[in-house]
Amino acid sequence: MIQQLLAIATEAAYAAGKVILEVYGSDTFDTQQKADESPVTAADKAAHAVITNYLTPANIPILSEEATHPDYSIRTQWEYFWLVDPLDGTKEFISKNGEFTVNIALIHKNKPIAGVVYAPVLGDLYYGSEETGVYKNNHLITPLEKRRSLQELLDSSNITIIASRSHLSAETKDFIAQFSNVRLTSMGSSLKFMLLLEGKADLYPRLFPTMEWDTAAAHAILNAANRGIYHTNVKDELTYNKANLANPYFLSY
């Protein structure tokens, strides 16, 4: 079942990427401000419509950033659901740096079990699950070696840490200052997690607000490759379909 659903999500991501690129190449993005003051464009809305059309026939509930969110009393009845960010990295989209993605995750009992992360401009498609393995552009990615503990990273003489290009908070700077001989790298959207997946970075601290749809697809992919997204206590991984859809601060490695 997972393989079939992952195939559907992959098709949906590709199709969404196509309409996103159409807007990306146009003269206007029709940018508006949402209630939380984050930007939304015609591309976000068009991608949401396309993804919904692809996923609906599977008869699994859909929770998308760009749609009305059902009440928690309804969501608690969902064993499975799709968690979607039609365009992750809207600021990157507006600035035209190409570092934005389509994120589609399948959640089962509050855990992400399959995910698709597609970067339309870069042409990179990441997808996978523990059942199917993880792929980039249809090439299997070998699972990473056992992850090092946070203490081992602190003791390391040379590590690469991912810092958000758009949201580098004071808390994040203070956290990074604990490490010696750090090389900082940055990337937009869920592509930051894919740097971990590809062994191009060791740690991604996010001490700044995010939402469940920002992390779920990448989380499923990382879990299938021996990595995760943890609370700052580094004991528990993030969970999904909470009453409040905001994520806590986290460390991914």
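This is a predicted model: local features need pLDDT of at least 70, side-chain atom pairs count only at pLDDT 80 or more; totals for chains, interfaces and linings use all residues.
Tutor: Residues are numbered from 1 along each chain as its sequence is written, and side-chain values use heavy atoms, without hydrogens and water. Local features need pLDDT of at least 70, side-chain atom pairs count only at pLDDT 80 or more, and totals for chains, interfaces and linings use all residues.

Student: Which two values describe a pair of packed helices?

Tutor: The angle between their axes and the distance between the axes.

Student: Is the crossing of α1 and α2 left-handed or right-handed?

Tutor: Right-handed. That term applies if the near helix is turned clockwise from the far one by less than a right angle.

Student: Which residues make the contact?

Tutor: Contact means heavy atoms within 4.5 Å. From α1 come residues including Ile8, Ala12, Val19 and Val23. From α2 come others, among them Ala43, Val50, Tyr54 and Leu55. By class, the contact has 16 nonpolar, no polar and 1 charged residues. Ala, Val, Leu, Ile, Met, Phe, Trp, Tyr, Cys and Pro count as nonpolar, Asp, Glu, Lys and Arg as charged, and the others, Gly among them, as polar.

Student: How many helices and strands does the protein have?

Tutor: It has 8 helices and 14 strands. Both are DSSP runs, numbered from the N terminus: helices are H or I with at least four residues, strands E with at least two.

Student: What does the radius of gyration say about the protein?

Tutor: It is taken over C-alpha atoms, and the globule rule is 2.2 Å times the number of residues to the power 0.38. For 253 residues a compact globule would have a value near 18 Å; the protein has 17 Å, which agrees. Of these residues, 53% count as buried (under 20% relative accessible area; exposed is over 50%, partly exposed in between, with a 1.4 Å probe and protein chains only).

Student: Where is asparagine 110?

Tutor: In the loop between β5 (101-108) and β6 (111-119). Asparagine 110 has a positive phi of about 75 degrees, although it is not a glycine. It is partly exposed, at 37% relative accessible area.

Student: And where is asparagine 137?

Tutor: In the loop between β8 (133-136) and β9 (139-141). Asparagine 137 is partly exposed, at 26%.
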